[in-house]
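Reader: I would like to work through this structure one feature at a time. Please give the general idea before each case.

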Amino acid sequence: MASDERDRPSVFARLKRGLFMTHTELLSKMGSAVKATFEPDPAALDALEEGLLAADVGPTTAAELVAAVRAEAGRRDAAEEDVVRRVLKAEITRRLSVNGPEVAGAAAGSPRVVLMVGVNGTGKTTTTAKLAARAAAAGKSVVIAAADTFRAAAVEQLEVWATRLNIPLVKHKAGSDPAAVVHDACSVALARKADLLFVDTAGRLHTKHNLMEELSKIRRIAARSIPGAPHEVLLVLDAVTGMNGIAQAREFTKTVGVTGLVLTKMDGTAKGGVILAIVRELALPVRYVGVGETADDLLDFDAAAFAGALVDD
Ligand SMILES: Nc1nc2c(ncn2[C@@H]2O[C@H](COP(=O)(O)OP(=O)(O)O)[C@@H](O)[C@H]2O)c(=O)[nH]1
Ligand SMILES: [Mg+2]
């Protein structure tokens, strides 16, 4: 976690608020899963599996988590009340602790470039602004590139954020080549000796091939201007639509070299368990979780804290 100790309770509380529905449902199923201390109750284990499925962890993960609980609860020396909770927490934490591809550091004195990708409406622009805001608040020098040139509204949306946050924004007019925006933004970031350059991109679906080509070109242009860029590629996924977006997500991971995930809209109707299904599918680490629409509503992802928020009282 980048935030200091004093921030921890509030971060945890906000994560827990976001997961409240999932948490409550799961707890109600979890309670009776193991009645006798070392005698798992099959009906209760079925109820637990149902609860996990309702939390959107996916059928494979649900079955495996129940199997883990059954195995542990069946051990004669597992004479503890909270065996279900303990096993679930450990298993969920382990499954979410994915290393993912190595994230390159920026060369000394050159900006670190973070590329935001994903399909339309997942929260790329909002997350770009949130990340820029938190970096600026931490005293970093930040530049934003409006490389979603597909719609004029996209540039305007980012401009509103940039103005409010007082962060320099590099933009061209709608319809121009996004790689040219990135080229300019790299020059601006270098000239300002910025620490970070965040690149917002377009996410339209109907021209998937062009979009992927466009992202490849953005990558090439960034790498030509700044060594090692983009240092990080964050795939932004909407937790509400969850697994529906997984096919497209795989497309991005194949073609643009995603280094990590951002799961947005965890404050809404999303079932928290979907993170387990997504991480299992994409084998990429979750870096951030979006829990609202304001600049503050972004949490660093912490596997153990997430597991705790899901299954602790
Ligand atoms: N509740 C909630 N809304 C979000 C979150 N992240 C983004 N949004 C909203 O989702 C909508 C689409 O976000 P946007 O950043 O424009 O998505 P983009 O098309 O990927 O750039 C906007 O109305 C955002 O305010 C989040 O974490 N929680
Ligand atoms: Mg956008």
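Author: Start with the sheet. Two strands pair if DSSP finds at least two bridges between them. The model is predicted.

Reader: What is the order of the strands in the open sheet, and what is the pairing?

Author: The open sheet has 8 strands in the order 3-2-4-1-5-6-7-8, and the pairing is mixed. Strand 3 (169–170) and strand 8 (298–300) are at the edges; each has a single partner strand, so one side of each lacks a neighbour in the sheet.

Reader: How many bridges join strand 1 to strand 5?

Author: Strand 1 (residues 112–117) and strand 5 (residues 232–238) run parallel and are joined by 4 bridges. Leu115, for example, has Val233 in strand 5 as its bridge partner.

Reader: Which strands does helix 6 touch where it packs on the sheet?

Author: Helix 6 touches strand 1, strand 2 (142–147), strand 4 (196–201), strand 5, strand 6 (260–264), strand 7 (286–290) and strand 8. Its direction makes about 170 degrees with that of strand 4. Helix 7 lies across strand 2, strand 3 and strand 4, and runs at about 165 degrees to strand 2.

Reader: How should I read the packing of one helix on another?

Author: Two packed helices are described by the angle between their axes and the distance between the axes. Helix 6 and helix 7 (residues 152–165) pack at about 20 degrees, with axes 10 Å apart. Angles under 35 degrees count as roughly parallel, which makes helix 6 roughly parallel to helix 7. The crossing is right-handed.

Reader: Which residues of helix 6 and helix 7 meet?

Author: From helix 6 come Thr125, Thr128, Ala129, Ala132, Ala133 and Ala136; from helix 7 come Ala154, Gln157, Leu158, Trp161 and Leu165. By class, this contact has 8 nonpolar, 3 polar and no charged residues.

Reader: At what angle do helix 3 and helix 4 pack?

Author: Helix 3 (residues 42–54) and helix 4 (residues 59–73) pack at about 145 degrees, and their axes are 9 Å apart. Helix 3 passes helix 4 in a right-handed crossing. Among the residues in contact are Leu45, Leu48 and Glu49 of helix 3 and Val66, Val69 and Arg70 of helix 4. The contact divides into 10 nonpolar, no polar and 2 charged residues.

Reader: Which residues come nearest to ligand 1?

Author: Gly123, Lys124, Thr125, Thr126 and Gly290 come nearest, out of 19 residues around ligand 1. Helix 6 (residues 124–137) gives the largest share of this shell, 3 residues. By class the shell has 2 nonpolar, 12 polar and 5 charged residues.

Note on methods:
Residues numbered from 1 in each chain as written. Chains lettered and ligands numbered in written order. Predicted model: local features only at pLDDT ≥ 70, side-chain atom pairs only at ≥ 80, totals over all residues. Near = placed C-beta within 6 Å. Helix = DSSP H or I, 4+ residues; strand = E, 2+ residues; numbered from the N terminus. Nonpolar A, V, L, I, M, F, W, Y, C, P; charged D, E, K, R; others polar. Axes fitted to C-alpha atoms, helices over the stretch in contact; angles between N-to-C directions. Parallel < 35°, antiparallel > 145°, perpendicular 65-115°, else oblique. Left-handed = near helix turned anticlockwise from the far one by under 90°. Contact = placed C-beta atoms within 7 Å.
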